[in-house]
Amino acid sequence: MKLARKDLLGIQELSVEEINLILDTADSFIDVSTREIKKVPTLRGVTVVNLFYEPSTRTRTSFEIAAKRLSADTINIATSTSSVVKGETFIDTARNLEAMNPDIIVLRHSAAGSPHMLSRVVRQSVINAGDGAHEHPTQALLDMMTMREKKKRLAGLKVAIVGDIAHSRVARSNIYGLTKMGAKVSVGGPITMMPRYIERLGVEVHYRLEDAIRDADIIMMLRIQLERQETNLFPSLREYARYYCLNRTNIAAAKDDVLIMHPGPMNRGVEISPEVADGPYSVILEQVTNGVAVRMALLYLLSGGKS
């Protein structure tokens with residue numbers, strides 16, 4: 001089976017079969033990163049442009065490493081050092097990049113829907129690397145890959161997602177993906193950080209940390225995104241940590257073999273305590289490792305998956 005689509009814009013539009021195809025393909029790329037020579041010639045001659053309108057360390061680096069391990073040529077554009085600062089519009093930037101004839105454009109943008117707009121303007125494949133508070137599909141795919149790798153399944157798992165649900169593109173993409181794959185999802189956080197009608201996405205809603213994570217197989221803690229908040233949604237970081245920081249005490253509400261995940265970057269001592277982040281249940285660094293494999297799989301599949 002091939003990925004019969006030009007772009008990867010969100011998890012919401014993917015079928016169960018397409019998600020399984022991407023995860024299975026990512027599994028096949030895992031061993032490339034453990035070889036002495038971490039490179040295969042699969043995408044030789046392919047050019048990937050990483051166009052990032054927001055700061056990023058792990059996502060941009062992960063896409064760049066993924067492309068280089070497949071022997072693709074990579075170009076990184078940070079808009080703070082591009083013609084955008086001279087007033088060039090998003091569409092003009094896109095059309096100029098298209099004229100240079102790359103093969104895939106990876107876009108991160110603060111505006112929700114910008115990858116969808118870009119995909120309609122350019123003929124190249126577009127991968128959404130995070131658009132506003134809308135979706136972060138590659139993060140959800142690497143999260144599902146990590147869960148499947150550790151638990152050997154997704155269907156039937158209880159996954160608790162806790163924190164700033166309203167501003168989290170990671171939460172939204174994971175909810176779309178996990179519910180499609182048969183997992184049971186609960187979300188937890190302050191009522192001021194819970195979007196209205198979130199239960200319509202098929203999730204349980206809780207306002208106490210212990211209720212959200214009770215009997216959970218997996219707990220995903222979210223970063224407090226102060227940069228996306230227009231008003232103060234809680235009195236102080238200290239008070240937020242008092243009620244919503246995952247620590248050695250409240251983690252006891254989850255299953256004994258619970259896995260702890262976080263999309264990063266972490267606010268240690270705010271949403272997650274250091275002893276939990278670095279403890280035996282944590283698979284946070286495995287998420288980062290699997291991120292390279294998922295992005296290799298997407299670059300390969302969107303290039304045609306021919307070799």
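**View 1. Tyrosine 197 in the loop between β6 (184-188) and β7 (204-206).** With a relative accessibility of 41%, tyrosine 197 counts as partly exposed; buried means under 20% relative accessible area, exposed over 50%, and partly exposed in between (1.4 Å probe, protein chains only). Tyrosine 197 is not a glycine, yet its phi is positive, about 65°. Most residues other than glycine have a negative phi. This is a predicted model, in which local features need pLDDT of at least 70 and side-chain atom pairs count only at pLDDT 80 or more, while totals for chains, interfaces and linings use all residues. Residues are numbered from 1 along each chain as its sequence is written, and side-chain values use heavy atoms, with hydrogens and water left out. Helices (H or I, at least four residues) and strands (E, at least two) are DSSP runs, numbered from the N terminus.

**View 2. Helix α5 (residues 137-151) and the lysine that follows.** Helix α5 has 15 residues and reaches 21 Å from its first C-alpha to its last, close to the expected 21 Å; the expected span is 1.5 Å times one less than the number of residues. Of the 15 residues of α5, 13 are buried, so the helix is largely enclosed by the rest of the structure. Lysine 152 follows α5 and lies in the loop between α5 and β5 (158-162). Lysine 152 has a positive phi of about 65° although it is not a glycine. Its relative accessible area is 68%, so lysine 152 is exposed.

**View 3. Packing of helix α1 (residues 16-29) against α5.** The two helices pack at an angle of about 70°, with their axes 10 Å apart. Axes are lines fitted to C-alpha atoms, for helices over the stretch in contact, and angles run from 0 to 180 degrees between N-to-C directions. α1 and α5 are therefore roughly perpendicular; angles under 35 degrees count as roughly parallel, over 145 as roughly antiparallel, 65 to 115 as roughly perpendicular and the rest as oblique. The contact (heavy atoms within 4.5 Å) is made by Ile19, Asn20, Ile22, Leu23, Asp24, Ala26 and Asp27 of α1 and by Leu141, Met144, Met145 and Arg148 of α5. By class, seven of these residues are nonpolar, one is polar and three are charged. Ala, Val, Leu, Ile, Met, Phe, Trp, Tyr, Cys and Pro count as nonpolar, Asp, Glu, Lys and Arg as charged, and the others, Gly among them, as polar.

**View 4. Crossing of helix α2 (residues 58-69) and helix α10 (residues 284-302).** The axes of α2 and α10 come within 8 Å and cross at roughly 55°. That angle makes α2 oblique to α10. On the α2 side the contact is made by Thr59, Ser62, Phe63, Ile65, Ala66, Ala67 and Arg69, and on the α10 side by Gly291, Val292, Arg295, Met296 and Leu299. The contact has seven nonpolar, three polar and two charged residues.

**View 5. Isoleucine 260 in strand β9 (residues 259-261).** Isoleucine 260 is buried, with a relative accessible area of 0%. Leaving aside neighbours within four places in sequence, isoleucine 260 is in contact with Ile219, Leu246, Ile251, Ile272, Val276, Tyr281, Ser282, Val283 and Ile284.

**View 6. The cis peptide bond between glycine 264 and proline 265.** Omega of this bond is about -10°. Proline 265 is in the loop between β9 and α9 (274-277). Most peptide bonds are trans.
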